[in-house]
Amino acid sequence: MTNSTEELIRTEKLQKIFVVGGGFARSKLVAVDDVNFHVKKNEIFTLAGESGCGKSTVSKMLLGFLEPSEGNVYYKGKDVANLKKWKEKKGFMKEVQSIFQNPFETFNPLRKVDSYLYDTQKHYGMSKKDKMVEEALEAVGLDISEVKGRYPNEFSGGQLQRISIARALITRPSLLIADEPVSMVDASLRMSIVNLFKELRDNRHVSVLYITHDLATAYYVSDRIGIMFRGNIIEMGDVEQVLMNPKHPYTQMLKESIPEADPNKKWTERISIKELETEEYMRKGCKFAGRCPYVMDKCKDNMPPELQAENRMVRCWLYE
Amino acid sequence: MLNILKTENLKSYYIFETPTEKKEVKAVNDVSIDIEEDKIYGVAGESGCGKSTFLKTVCGLAEPPLRIVGGTIYYLVNGKYVDITKLSQEEYRKLRWEYISYIPQGSMSALNPIIRVKESFKDFVTAHKKIKDEQKDFEEPLRKHLNALGLPMRVLKSYPHQLSGGMRQRVTIALATILNPRIILADEPTTALDVVAQRAVIQLLKDIQSLQKNTIILVTHDMAVHANIADRMLIMYAGVFVEEADTEELFENPLHPYTKFLIGSLPKMGDKSYKVSAPGSPPSLANLPQGCPFHPRCPYVMDICKNERPALVETKPSHKVSCFLNSKERIQND
Amino acid sequence: MLEAFKELMKDGRFKFAFIVICVLAFMSILSFFSPYDPLRWNVVPRDRPPSWPHIFGTTSQGQDLFWQSTFAIRNSLTIALIASGISRVIAIIVGLVSGYKGGTVDTVLMSINDSFVVMPLLPILILIASVIRENLNMVMLGIILSLFGWAWDARVIRSQILSLREREFTYTAILSGTKTFNLVVKEYFPFIIPIIFATLINNMIWATGMEVTLAILGLSNTEIPTIGTMIHWAVNYQSILLGYWWWILTPVIISVFLFVALYLLSTSLSEYLDPRTRIQRIGKAKE
Amino acid sequence: MLFIKRYLLPRIVQFLVVVFVGITIVFFVPRLTPVDPVQQVISQITSQGAFMDPAAVDALRQSLTELYGLEGGMFQQYFAFWGRLIKGDFGPSLFQFPTPVMDLIMISLPWTAGLLITTTIISWIIGNLLGGLAGYFKNKAWAKTLDNISMVLRPIPYYIFSLLLLILFAYLIPIFPSAGGYSVGRRIGFNWAFISDLLIHSFLPAMSLVILGIAANFMTMKLIVSNIVAEDYVMYAKAGGLKESTIAFKYVIKNGLLPQITGLALSLGQIFGGALITEIVFSYPGLGTLLYGAINSGDYNLIMGVTSLSVIGIAGATLLVDLIYPLFDPRIRYR
């Protein structure tokens with residue numbers, strides 16, 4: 001168990017059920033279920049998974065953009081759901097900031113980019129004299145003269161993502177939630193953004209919750225990692241251990257299926273391709289049971305609990 | 001080895017004309033390249049470098065605002081080189097699918113949503129072949145083809161929306177290869193698929209190539225996909241190819257400074273060593289710098305780079321690069 | 001502003017619309033200098049074909065068609081502006097509330113809204129007008145039309161808000177500490193304003209059409225000269241059968257020009273104001 | 001099952017809501033306005049010079065109140081109104097007393113329905129075909145010409161256009177009759193003379209509806225097609241070397257017709273309104289002319305009847321179009 005003073009944010013039994021359609025066309029979709037994790041001070045924690053695993057829904061719930069159906073989010077021990085007043089919410093947002101997947105969508109295309117930086121400075125009660133905007137831009141390797149008076153479509157994706165990070169840094173947050181921050185940034189610029197997270201952690205003591213589908217950058221940048229599948233975290237622990245020695249059959253399959261940028265590691269064995277089950281979300285037991293090579297009878301009816309195996313959490317009956 | 005596709009000084013621009021101004025986006029800017037038979041080529045580059053436009057252009061799909069401004073595109077058809085930019089629409093239409101085939105970007109919606117998959121196959125086949133005997137000329141070869149590619153027969157009766165994304169993509173690929181084309185142009189065929197489907201698509205493309213012995217030009221930004229499937233690679237930057245080499249050679253000994261950054265910054269599992277990105281940002285294709293397009297970002301920039309454009313030349317056996325560090329040959333300005 | 005106008009004038013559709021609307025606006029201003037009282041009959045010789053000084057001819061009621069038209073244009077435009085102005089306010093409020101609040105509020109508002117979209121409004125308008133008839137002055141007519149003319153546009157605004165709400169820059173604005181009201185004004189209005197503009201003009205077309213319809217049926221106050229009542233009187237006096245073609249033709253031609261000009265204005269403007277093309281222009285200005 | 005729940009049920013509910021809201025408006029509007037319809041009729045009669053003693057006025061008031069269904073409290077009246085509506089009873093016409101309103105409507109309805117259904121179907125088919133082709137071959141000269149013509153015709157209201165046609169054909173070039181559904185004195189019967197007479201009389205009103213309908217469908221279809229040609233499956237069909245005609249019809253127009261079916265359902269109310277006025281301009285013996293007469297004579301029951309039935313009829317037609325839609329779209333049929 002970690003020392004609670006070290007914890008920044010923690011979720012307990014977090015669940016989100018979406019109601020799709022209205023009236024008679026209503027149906028339910030459990031997007032996130034029983035998600036428990038925390039992010040410590042001075043660490044980069046990764047939530048990884050394929051599209052549709054619920055990782056972005058988790059980030060929206062952490063930021064208060066979505067209300068959890070069940071469960072709680074605690075920031076420094078306080079339940080975030082109790083922040084009702086605008087002032088309290090702003091106090092929370094000052095500490096927890098976020099950047100998004102598509103840098104071209106992060107800023108309104110009809111507004112000048114710098115207005116967001118100055119808005120942030122003003123709304124969080126800092127005066128222009130504090131030079132917070134200039135300082136934040138400097139931290140991401142940009143100069144105010146490059147940014148001033150220009151519209152989003154005058155920048156490249158990489159530049160916009162830096163400006164987005166700069167905007168988030170103006171409030172001097174303790175936690176930065178980065179939802180797929182490099183998936184739409186060009187390959188040659190990708191690592192400069194990822195490296196920035198390391199710098200933030202080491203030099204500014206900002207923790208980062210890195211949400212991605214890319215295991216290679218996750219391995220490169222993070223300290224701990226949680227693997228999500230169909231709404232659950234199915235394996236969580238030290239990044240070195242989880243990714244280099246995965247225990248959950250899904251994590252193993254995921255790691256095996258992601259191509260590596262190394263021509264000497266071409267796939268040699270063939271896989272037999274079963275059609276993916278679209279109904280995996282509806283499963284009662286382990287959601288991976290339909291595809292798991294080690295499937296047992298109890299997997300089909302019972303969701304495995306959070307088990308401990310080799311210094312990590314695994315949700316798999318194999319490790320009972 | 002024969003070249004199945006040759007382009008010479010190919011220029012393909014997006015031309016936007018409004019009453020007040022004219023804007024040219026030089027997406028393919030003077031490209032001369034040879035593509036050999038019976039190989040999988042990988043074209044890599046970042047968004048907006050012109051790689052998709054290159055593919056569309058050589059596929060003869062340039063439609064306004066995209067226009068071929070100059071140059072030639074030769075295909076080797078029945079032992080003779082044919083310049084498709086000089087062909088009439090009808091002559092070129094006959095080459096499609098039996099000779100040149102195409103797998104589009106985001107081909108999740110490449111199939112007509114309101115007809116059954118089999119109907120789509122039939123439309124594409126009848127456009128090029130007369131079907132006299134429905135069973136013998138259409139049904140049987142179709143079944144054989146799907147069998148060989150390991151696709152279930154039930155997809156034929158389905159509507160596209162009833163298939164999963166990965167299955168739809170594989171059906172599209174089957175459709176593209178039904179007439180055994182000599183060259184397949186594939187634009188980001190694995191993007192937006194989940195990992196298992198992505199692997200299945202890569203496997204399928206490899207199978208088709210070894211089965212039909214054709215040439216595949218695969219465009220994707222994902223270097224990991226290239227590493228897995230491509231025999232030979234082309235690196236594109238700001239509308240031109242800056243490097244061409246066999247995949248292993250390219251990953252081990254990149255010559256162009258841009259390729260070096262690209263390969264060097266690839267994160268790998270089990271490797272935590274510090275990776276650096278190229279400085280700066282790629283230029284806008286509407287506003288290219290003079291000289292080598294990479295010179296504003298290049299750490300080895302020389303005076304010549306700022307004024308002259310380097311040509312793509314073979315500096316090592318079957319390894320071409322366009323950089324004045326390696327060869328002084330330049331593109332003549334016209 | 002001047003730049004935008006210059007660029008718009010290069011569009012033939014806008015140019016035509018602009019000139020026609022200027023002429024019509026000029027005519028409605030002229031009405032203030034009319035030598036005749038529009039409500040009085042037999043002020044000029046009757047049934048004269050177009051000739052000097054009655055350039056549009058005169059009616060069987062002894063009214064000058066040119067000067068009558070100036071009043072008609074002014075009054076029809078006034079009714080249309082009242083109707084579309086008020087209905088814009090309703091559409092914006094319903095669209096914003098429904099789109100931003102969501103949930104039950106949205107469901108209720110939209111099911112009412114959808115009923116108005118599918119409902120055949122004309123028979124209902126006729127019923128209402130036939131009940132209040134004599135008391136139906138211009139302002140009243142404008143208000144009644146506005147109560148029926150908001151539904152479709154509210155839906156358009158709502159769906160725009162819904163898609164804007166899901167876009168990432170909304171979250172960026174919230175994280176920048178922007179409150180809801182400012183968020184809507186600063187982030188969403190640049191997208192909503194072109195819609196309001198285009199629908200305003202389209203709604204004016206609709207409202208004028210409805211005004212004319214009710215007038216032809218004799219359901220509005222036929223004493224007030226509008227394009228509709230001019231047609232009403234011409235039809236009532238059998239002007240076609242009696243060969244007074246100029247009488248019916250004058251309001252018909254004016255209305256055709258008015259409708260076509262407003263329509264072309266709305267299509268050319270909404271193309272110009274479309275955020276996608278606007279974004280392109282923003283980039284161009286700098287290059 | 002899912003299809004019924006997700007597609008059918010919401011639409012049937014929508015139909016019921018529209019009918020409910022519409023009929024409720026129709027019921028309450030006359031009752032919420034300051035004007036008393038009974039008083040209106042009485043003052044109309046007295047203003048025509050007929051002298052009546054107060055007792056006779058009271059008796060008249062009594063019988064009119066009964067006739068209008070204005071007895072009892074507001075809710076009592078409301079439920080009574082629904083009750084009579086379901087039976088199709090709108091009371092007697094006041095000015096063709098005692099012919100029931102329903103009978104008058106039933107005489108006019110076939111004229112309107114015939115005109116409306118034919119013109120709507122013709123203009124929908126022609127407009128969408130032309131619009132689809134013009135959208136696909138948008139750089140051809142004929143496409144641009146059609147586009148310009150439609151752009152000018154599109155905003156003109158039906159009745160203004162019918163007046164233009166009327167002036168042009170019935171007066172300046174007198175080929176077609178300017179009024180009526182058939183020639184005065186001709187006997188109604190199923191023979192060629194009557195039918196040709198009918199067609200000639202319906203020609204102008206039908207033309208104004210068809211031409212404007214084509215223009216409207218043309219413009220929307222062209223817009224829809226301009227988006228469809230950019231769809232992956234159209235680009236792909238081109239890359240596959242499919243014949244232009246196959247692409248134009250099977251890939252572009254067929255897909256473009258789907259939103260147009262929904263569009264038709266949404267615009268039926270408007271088309272109906274336009275047809276009403278066109279009938280009046282041409283004195284065509286349909287619901288519009290019936291309504292016009294009712295307005296002029298203050299036949300309150302008749303106005304209520306026509307209005308209520310229009311609401312139900314249009315909502316029903318909309319539902320019908322919605323119910324046909326799945327036959328054309330497999331994405332709704334097989335979910």
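Reply: Gladly! Strand 7, helix 8 (residues 187-204) and strand 8 of chain A form a right-handed β-α-β unit. Right-handed means that, with the strands pointing away from the viewer, the path from the first strand over the helix to the second runs clockwise. Helices (H or I, at least four residues) and strands (E, at least two) are DSSP runs, numbered from the N terminus. This is a predicted model: local features need pLDDT of at least 70, side-chain atom pairs count only at pLDDT 80 or more, and totals for chains, interfaces and linings use all residues. Residues are numbered from 1 along each chain as its sequence is written, while chains are lettered from A and ligands numbered from 1 in the order in which they are written.

Me: Which strands pair with strand 7 of chain A, and in what sense?

Reply: Two strands pair if DSSP finds at least two bridges between them. Strand 6 (residues 96-99) of chain A pairs with strand 7 in the parallel sense over four bridges, and there V96(A) has L175(A) as its bridge partner. Strand 8 (residues 207-212) of chain A also pairs with strand 7 in the parallel sense, over five bridges; here D179(A) stands opposite I211(A).

Me: Are the faces of strand 7 of chain A buried or exposed?

Reply: In a regular strand the side chains alternate between the two faces of the sheet. A residue is buried if 20 or more other C-beta atoms, placed from the backbone, lie within 10 Å of its own. L175(A), I177(A) and D179(A) on one side are buried, as are L176(A) and A178(A) on the other. Five of the five residues of strand 7 (residues 175-179) of chain A are buried, so this strand is largely enclosed by the rest of the structure.

Technical notes:
A residue is buried if 20 or more other C-beta atoms lie within 10 Å of its own, exposed if 12 or fewer, and partly exposed in between; C-beta atoms are placed from the backbone.
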